[in-house]
Amino acid sequence: MAEITEPRRETRIEVSDGALIPGKGEKSAFSAWRISFFGALALLVILPIVHPNPYTEILLFIPDGVLKTFEVTLLSIAFALVVGLITGIGRISRIRIINRIATIYVEIIRGIPLLVQIFYIYYALGKIVQVPDIMAAVIAMTVCYGAYLGEIFRAGIQSIHRGQMEAAIALGLTRGQALRRVILPQTVRVVLPPLGNEFIALLKDSSLVSILAVSDLLRRGREYASKTFYYFESLTVVALVYLVMTLFFSRLVALMEERMNKRGR
Amino acid sequence: MEDRVRIIDACKNFGKVVALRNATLSVKPGEVVLVIGPSGSGKSTMLRCINRLEHLTSGQIWIDDDQVTDHASDIRKIREEVGMVFQSFNLFPHLTALENITLAPRVVKKAPDKEAVGLGRSLLARVGLSEKESSYPEQLSGGQQQRVAIARALAMSPKVMLFDEPTSALDPEMIKEVLDVMVELAREGMTMLVVSHEMGFARAAAHTVVFMDNGEIIERGKPDDIFTNPKEERTQRFLKHIL
């Protein structure tokens, strides 16, 4: 049977829950990204000048929290990438039991709010072992994001043309070898933008771990507020700092993507 | 002489669609078989069953003393000995031409780097693309890509080469460069099964032409006999369309 060859299409997976990733076309000095990013930065500089009290004090109070937020985010994304890759491969596995386990994991996790998961894992873990709060937070974020990243990896792997796997196994490679040498290297290009997007989403969601006595950015802001009752001012700074971080990373993801496209394959 | 490939009473169904109906065919070492027939006649399916990219519904396929269709046999080992060239080339886009060729010797045969590269370069020279070794597939024309794909298949020193419509996706001016490589290969004594309607190749290299229709092998014979004097009415009708 003759197979009609389709032109190879570049696959893009769009996920919309991260920050807006600026496109290549947005070169204008007044792009949405520039206005938001530099606007937030400007406010963070101007506010302490205009109202030194309490803004200067808030800005001095929260850097610990920023570091903690980074710590939780980086650890979580690192572990979630591993869990996600395994889950994604499991979702396309031909071994039924593995496939089923991976799918059930994804279904369960996607159906429970992250906040509930964080509480649940924290207390469930507490029944078995005593782990530091930050570990509990990282585990909860990993379990949750592992499922989302798993879906991205799955979609990425499945977007690679079937002929690639066929050509590899026709040469005598095992499916595992074909996956590692042929399919996954091509998948990376496809999944990088959505992974960057998830990283930004995770950075934002990491604020949820402040309920676990982890002194992240949000928690530090609230601690300051509860001491001084400057709630509005504290949260303004917290929001601006989050905004600067997410916009910074979204730019980074966009640049990375551009460079990958330029480099060809 | 022992047959290199034997297809015995092969049937293949895709759901309710019958793609292959009791096909029986034997190919001798060094024989070049051209398989022709209308689209959907089961030509490609038959080819893809030979290295078990598709599983037969019933029947047997043998390559020398290895039964492809026996689930106990090591299909991966058999696939090493069967080279395949696809209509859409299926080169690995993230690897250079040379790396495309050396991947399987490296990974499957654990060939040392130097040896694999030496082999890869000699194969690239054989298909006339020595100066393209560090080009990526997207930087090559269709004809060049298909020649790299042939070299890639040859890198595993196969006993049999399968060509699944190797020139159908090519612009006319590129068909010849690919056919030249194939004709050369046939002259060197490679056992080949080729699904194609290239009459030039049939005249230059084929020993046998097989006509398939509706999943069945209708007729086989020498190229001259089939093209000038087909016995079956269905063969006559088909040839009238393509000649």
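Predicted model: local features only at pLDDT ≥ 70, side-chain atom pairs only at ≥ 80, totals over all residues.
On the chain A side, α7, residues 162-170, and α8, residues 175-205, each supply at least two residues to the side that touches chain B, and it is α7(A) that gives the most, with eight residues. If we divide that side of chain A by residue class, we find 10 nonpolar, eight polar and six charged residues.

Turning to the contact as a whole, 24 residues come from chain A and 34 residues from chain B, and the two chains bury about 2500 Å² between them, with 61% of that area on carbon and sulfur atoms.

Now to the strands of chain B. Strand β1, residues 5-14, runs antiparallel to strand β2, residues 17-27, and seven bridges join the two; within this pairing, Ile7(B) stands opposite Leu25(B) in β2(B). The hairpin that β1(B) and β2(B) form has two residues between the strands, and there Gly15(B) takes a positive phi near 60°.

What else does β1(B) pair with in the antiparallel sense? The partner is strand β4 of chain B, residues 58-63, and this pairing extends over five bridges, with Ser58(B) in β4(B) as the bridge partner of Cys11(B).

How values were computed:
Residues numbered from 1 in each chain as written. Chains lettered and ligands numbered in written order. Heavy atoms only, no water. Pairing = 2+ DSSP bridges. Helix = DSSP H or I, 4+ residues; strand = E, 2+ residues; numbered from the N terminus. Contact = heavy atoms within 4.5 Å. Buried area = accessible area lost by both parts, 1.4 Å probe. Nonpolar A, V, L, I, M, F, W, Y, C, P; charged D, E, K, R; others polar.
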